[in-house]
Amino acid sequence: MSVTMCQSVGFVVSMLGVGGVIASTVMDQWSTQDLYNNPVTAVFNYQGLWRTCVRESSGFTECRSYFTILGLPAMFQAVRALMIVGIVLGAFGLLVAIFSLKCLRIGNMEDSAKANLTLTAGIMCIVAGLCAICGVSVFANMLVSNFWMSTANMYQPGMMQTLQTRYTFGAALFVGWVAGGLALVGGIMMCIACRGLVPEETHYKAVSYKSAGYKSGTGYEAKKVPVVETNTIKSDDGRRSYPSKYDYV
């Protein structure tokens, strides 16, 4: 795969991932009511990061935002923070990646500068994908813990079985996992493309030439003779003098 193709595919995949992270963050179905024991119900509850909703059997849906910040659990606020950080990093990474595309020429930007921008954009997209995956996983862990605690309370021995509202995974969790993975893969592809954008350094020894004239049948011509600097000692008449035995006395 060429460098331009790898960079372009990585940019598109990262853009899809960041878009999915934004979509999963604003979705309301992070946790949905479990209807395993009660498939027929008049109301259906589901919750998101920003509000909780109730849908009636008639089709009417009412949503209410969380009017508190300090009253929410600490892990819930941590999930919010991770998703917001992932969106911000992903957006900045895509912005940097636009200027680093090899197929776009902006001014007199060199390939080495594009390589650095591509690497920066790739790292930011990787971190954005990891933040999204971690945030969704933390929320899923909270759901699993609350689900089994509610199940244990429903089937306590020696007590009347009580029905409690249990919540299970919503569609937003799966969207967040897939989007985080796409952002991660796209960032890795851009980091791989960065190596191909770096110009190769040449290691050649420069040789200087000087013009030396000589006579030929057609006249006086000049030809280039390589100059080799040596530490030789010349005599007054221009001929090379060789060391004698008296030079070392």
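Good morning. Two aromatic rings of Phe, Tyr or Trp are counted as a pair if their centres lie within 6.5 Å, the six-membered ring being the one used for Trp. With that definition in place, I turn to the structure above, which is a predicted model.

A search of the whole structure finds seven aromatic pairs. In one of them, the ring centres of Trp30 and Phe139 are 5.2 Å apart and the planes meet at 75 degrees, so this pair is edge-to-face. Trp30 sits in the loop between α1 (3-26) and β1 (31-33), whereas Phe139 belongs to helix α3 (residues 111-154); the pair therefore ties together parts that are 109 residues apart in sequence. Are these two residues buried or exposed? Trp30 has a relative accessible area of 0% and is buried. Phe139, at 5% relative accessibility, also counts as buried.

A further pair is made by Phe44 and Tyr46, whose geometry is tilted, with 6.0 Å from centre to centre and 40 degrees between the planes. Both Phe44 and Tyr46 are buried.

Phe76 leads us to helix α2, where it is one of the buried residues. Others buried in α2 include Val79, Arg80, Met83, Gly86, Gly90 and Gly93. In general, an α-helix has 3.6 residues a turn, so residues three or four places apart point the same way. Thank you.

Definitions and conventions: Residues are numbered from 1 along each chain as its sequence is written. This is a predicted model: local features need pLDDT of at least 70, side-chain atom pairs count only at pLDDT 80 or more; totals for chains, interfaces and linings use all residues. Side-chain values use heavy atoms; hydrogens and water are left out. Rings of Phe, Tyr and Trp (its six-membered ring) pair if their centres lie within 6.5 Å; planes under 30 degrees apart count as stacked, over 60 as edge-to-face and the rest as tilted. Helices (H or I, at least four residues) and strands (E, at least two) are DSSP runs, numbered from the N terminus. Buried means under 20% relative accessible area, exposed over 50%, partly exposed in between (1.4 Å probe, protein chains only).
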